[in-house]
Number of protein chains: 2
Amino acid sequence: MSMKGREVILGILQGGPHTGYEINDILQTRLSHFFDATFGMIYPTLKKLEAEKLVTKQQISQTDRPNKNIYTITKAGQAAFSKAISEPTSDEILKSDFLMHLYFSQDLPTEQVALFFKEEISRKEAKLATLQAQLATWLENGMTDRQQITFDYGIAYYTATLEVLKKAAKSIAS
Amino acid sequence: MSMKGREVILGILQGGPHTGYEINDILQTRLSHFFDATFGMIYPTLKKLEAEKLVTKQQISQTDRPNKNIYTITKAGQAAFSKAISEPTSDEILKSDFLMHLYFSQDLPTEQVALFFKEEISRKEAKLATLQAQLATWLENGMTDRQQITFDYGIAYYTATLEVLKKAAKSIAS
DNA sequence: ATTGTCATGTAATTAGTTACATGATTAA
DNA sequence: TTAATCATGTAACTAATTACATGACAAT
């Protein structure tokens, strides 16, 4: 079994107490190239973790901004996390809707396929730019050597696939 | 909305009638680097597609082997597929349990992290080898130019990430 | 005026996973 | 005798998605 939302959130909370909003932010900026999360998953998961006493909630009332809940990992939560992180890793999963469309695109006109390429290239370029932009602030906040590898992996992955995409887009158009 | 099991199976059936077993085989060999499927998904999906009259089932009795069901796409099925393939593509999703472990591995001993690397490298090398081995037979059975791109993409993806992994594995060990 | 930031949540649905169950034939 | 190939399915579960709902403040 691979690490799911539960374990990922526990992992983030091991780095200190956070609100659901902050957890989302960390997920979107630093882990977005190998995990994706939404508020629709984060809040219900925090609720379950609290019910299982793996985290505790501290409610903070604010006047200028909405009230917030700060979650802190408990001893039991740390134990659950330690167990999860020690388990063997499972297979990486890539789901590409673009490649799926391309694979079955035989009846589509060239222009439409060209548009799919254009959109996929834009998306990937944006993701690559976000990741590279993150590097500076991430380094300041203390990026470990191991985290640096996850960053390098993401950069290599986007760079290599973008190259294939750009070359193919040209050959399609001709 | 991206193409799900439903649409993928319809896409495969557009290439001709197939059994669930054959659909699985195509999925495992040609699309495995960007989609994953299991029998637990394939058979229930075929049943639903039949109920919705998007495919028809022909039962074949065999003596030497288990009986089988051959599924054929209907006009309605072709229409549903055409619609799905024309829709805009959605974001690619990568889920890496290995990177997740690595990201949160600060408290794990070097040896354990080294083992994670070793296993991830083996898995990726195996996937790369399978994909390259497929090329020959795939070309014989008529691989289109567009399908060739999905193949190139997979090769580039595995090659680039393997390089990062191997380099990092060395630096970790020292 | 409008967009972005901060901030939390629920309800309904869907899709997929995991585990189980069966069993003959063929090749190494 | 062990593994692989062929071949199909169900039941229970889990995880996540999608869509909805609310709302003030700050910046452009």
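**Close-up 1. Surroundings of B:Phe104 in the predicted model**. Apart from neighbours within four places in sequence, B:Phe104 is in contact with residues of chain A, namely A:Met3, A:Val8, A:Gly11, A:Ile12, A:Leu31, A:Phe81 and A:Ile85. B:Phe104 and A:Phe104 are the residues with the most contacts inside the largest nonpolar core, which has 100 residues. In soluble globular proteins, nonpolar side chains tend to be buried together.

**Close-up 2. Helix H1 (residues 5-13) of chain B**. Eight of the nine residues of this helix are buried, so H1(B) is largely enclosed by the rest of the structure. The buried residues are B:Gly5, B:Glu7, B:Val8, B:Ile9, B:Leu10, B:Gly11, B:Ile12 and B:Leu13, and what covers them includes H5 of chain A together with H2, H3 (39-51), E1 (55-60), E2 (68-73) and H4 (75-86) of chain B.

**Close-up 3. The largest pocket**. This pocket has a volume of about 640 Å³, and of the 31 residues that line it, the closest to its centre are A:Ile93, A:Leu94, A:Lys95, B:Phe35 and B:Asp36. Two or more lining residues are given by each of strand E3 (93-95) and helix H5 (97-103) of chain A, and by each of helices H2 (20-30), H6 (110-140) and H7 (145-173) of chain B; the largest share, four residues, comes from H6(B). By class, the lining has twelve nonpolar, eight polar and eleven charged residues.

Key: Residues are numbered from 1 along each chain as its sequence is written. Chains are lettered from A and ligands numbered from 1 in the order in which they are written. This is a predicted model: local features need pLDDT of at least 70, side-chain atom pairs count only at pLDDT 80 or more; totals for chains, interfaces and linings use all residues. Side-chain values use heavy atoms; hydrogens and water are left out. A nonpolar core is a set of buried Ala, Val, Leu, Ile, Met, Phe, Trp, Tyr and Cys residues joined through side-chain atoms within 4.5 Å. Buried means under 20% relative accessible area, exposed over 50%, partly exposed in between (1.4 Å probe, protein chains only). Contact means heavy atoms within 4.5 Å. On a 1 Å grid over the protein atoms alone, a cavity is a set of points where a 1.4 Å probe fits but cannot get out, and a pocket is an open set with protein on both sides within 12 Å along at least five of seven lines; lining residues have an atom within 4 Å of a point. Grid points are joined across faces, edges and corners, and a volume is the space filled by probe spheres set on the points. Ala, Val, Leu, Ile, Met, Phe, Trp, Tyr, Cys and Pro count as nonpolar, Asp, Glu, Lys and Arg as charged, and the others, Gly among them, as polar.
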